[in-house]
Amino acid sequence: MINLLNLRIIFSVAMFLIMVNIGGFHINHADAAELSAEEIVNHANYSSYYQGKDGRAQVKMTITDKQNNSRSRKMTILRQDITDSDNLKNNAYRSAQQFYVYFHRPSDVSKMVFMVLKYLDKDDDRWLYLPALDLVKRIAASDKRTSFIGSDFLYEDVSGRLLEDDNHQLLEVSKNYYKLKHTPKDPQKVEFAYFETYIHKISFLPIQAVYYDDSGQKIRTIVATKIKTIQDFPTVMQSTAINHLTGSKTVMDYISVEYNVGLPKNIFSERYLRNVPKKYLR
């Protein structure tokens, strides 16, 4: 089991790395006291999921159980925003999106594809292509809060959670961070009672998110442990998810990240689940 001391060490390292890597980055925002919880969450959602009109990342995922046994996965993640606006910065959280995740290794998941069409006014469309069976499987909306390919991240962590699904409360403003509490509007749809986030005041990246059950016990923690500015966008280059119920953890290392790649819209379709767009996956 990951203990509190280890969490504090991880969080402290994250804070140091963030200040080193994005110290020169600046956004012209209103004074901290003038920002509401909703405005902070909107900015954070933009920084997490909407920087650039599209993006590509090469990712290595390492999953470690409580016995310290590890296994890894390598994948390419493609993302595209669906919007008619050239200026996404203020309204990007209102944009629909498309995600395409292609698995390179190991052999048991090689050539597997996870694809999401994320909507704002209805449940997402989600597909999983299983090459061993040559089977395209639709993933039900209720499966968003289940494990992402056996890791401690969930499917919803990859594509993001709709802001309208939670009530947001600003708990504290410190020198460098906003602390917020998020309570689900429909608790029957999720496994947590609420979660708290620390959001960096300059980059607006969520640095830590902790999920709690009804008794106030921690269920899961996600920490951004490495940040780098890429193409003027502050970018998470490493994140760690810890499952407090099982004692396992998953580290996602972003080996390379690119923005504004110019991805064609048609690759986010069922046709390309079997016939992968190799040009964009290298």
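**Note on R145 and its surroundings**

1. The side chain of R145 makes a polar contact, at 2.8 Å, with the side chain of E156. A second polar contact of the R145 side chain, likewise given as 2.8 Å, goes to the side chain of E191. The model discussed here is a predicted one, and these distances should be read with that in mind.

2. As to its place in the chain, R145 is found in the loop between β6, residues 135–138, and α3, residues 155–159. R145 counts as buried because its relative accessible area is 12%, which is under the 20% limit. Leaving aside residues up to four places away in sequence, R145 touches L154, E156, R161, K189, V190, E191, F192, Y211 and R220.

3. The pairing of R145 with E156 also qualifies as a salt bridge, with the closest N and O atoms 2.8 Å apart. This pair links distant parts of the chain, since R145 belongs to the loop between β6 and α3 while E156 belongs to helix α3, and the two are 11 residues apart. Both R145 and E156 are buried.

4. A further salt bridge joins the side chains of D166 and R161, at 2.8 Å from N to O, and both of these residues are buried. Salt bridges with shared partners bring R145, E156, R161, D166 and E191 together into one network. Two of the residues that R145 touches, Y211 and R220, are themselves paired, in that the charged end of R220 sits over the ring of Y211, 4.8 Å from its centre.

5. How many salt bridges are there? The count comes to 11. Among them is the one between R274 and D134, whose closest N and O atoms are 2.8 Å apart; it links distant parts of the chain, with R274 in helix α4 (residues 271–274) and D134 in the loop between β5 (125–130) and β6, 140 residues apart. R274 is partly exposed, with a relative accessible area of 42%, and D134 is also partly exposed, with a value of 43%.

6. A search of the whole structure finds 10 aromatic pairs. One of them is formed by F114 and F148, a tilted pair with 5.6 Å from centre to centre and 55 degrees between the planes; F114 is in strand β4 (residues 113–118) and F148 in the loop between β6 and α3, so that the pair links parts of the chain that are 34 residues apart. Both F114 and F148 are buried.

7. F114 forms another tilted pair with Y155, in which the centres are 4.8 Å apart and the planes 55 degrees apart. Because F114 lies in strand β4 and Y155 in helix α3, this pair ties together parts that are 41 residues apart in sequence. The relative accessible area is 1% for F114, which is therefore buried, and 9% for Y155, which is buried as well. Ring pairs link F103, F114, F148 and Y155 into a cluster.

8. Elsewhere, K118 lies over the face of Y49, at 5.3 Å from the ring centre. For the chain taken as a whole, there are four helices and 13 strands, and buried residues make up 51% of the 282 residues. Of the contacts between residues at least 6 apart in sequence, 53% join residues at least 24 apart. The chain exposes about 13900 Å², of which carbon and sulfur atoms supply 48%.

Definitions and conventions: Residues numbered from 1 in each chain as written. Predicted model: local features only at pLDDT ≥ 70, side-chain atom pairs only at ≥ 80, totals over all residues. Heavy atoms only, no water. Buried < 20%, exposed > 50% of the residue type's maximum accessible area, 1.4 Å probe, protein only. Polar contact = N/O pair within 3.5 Å; in protein donor to acceptor, adjacent residues only side chain to side chain. Contact = heavy atoms within 4.5 Å. Areas by Shrake-Rupley, 256 points an atom, 1.4 Å probe, with all protein chains shown as cover. Phe/Tyr/Trp six-rings, centres within 6.5 Å; stacked < 30°, edge-to-face > 60°. Lys NZ or Arg CZ within 6 Å of the ring centre and 35° of its normal. Salt bridge = Lys/Arg side-chain N within 4 Å of Asp/Glu carboxyl O.
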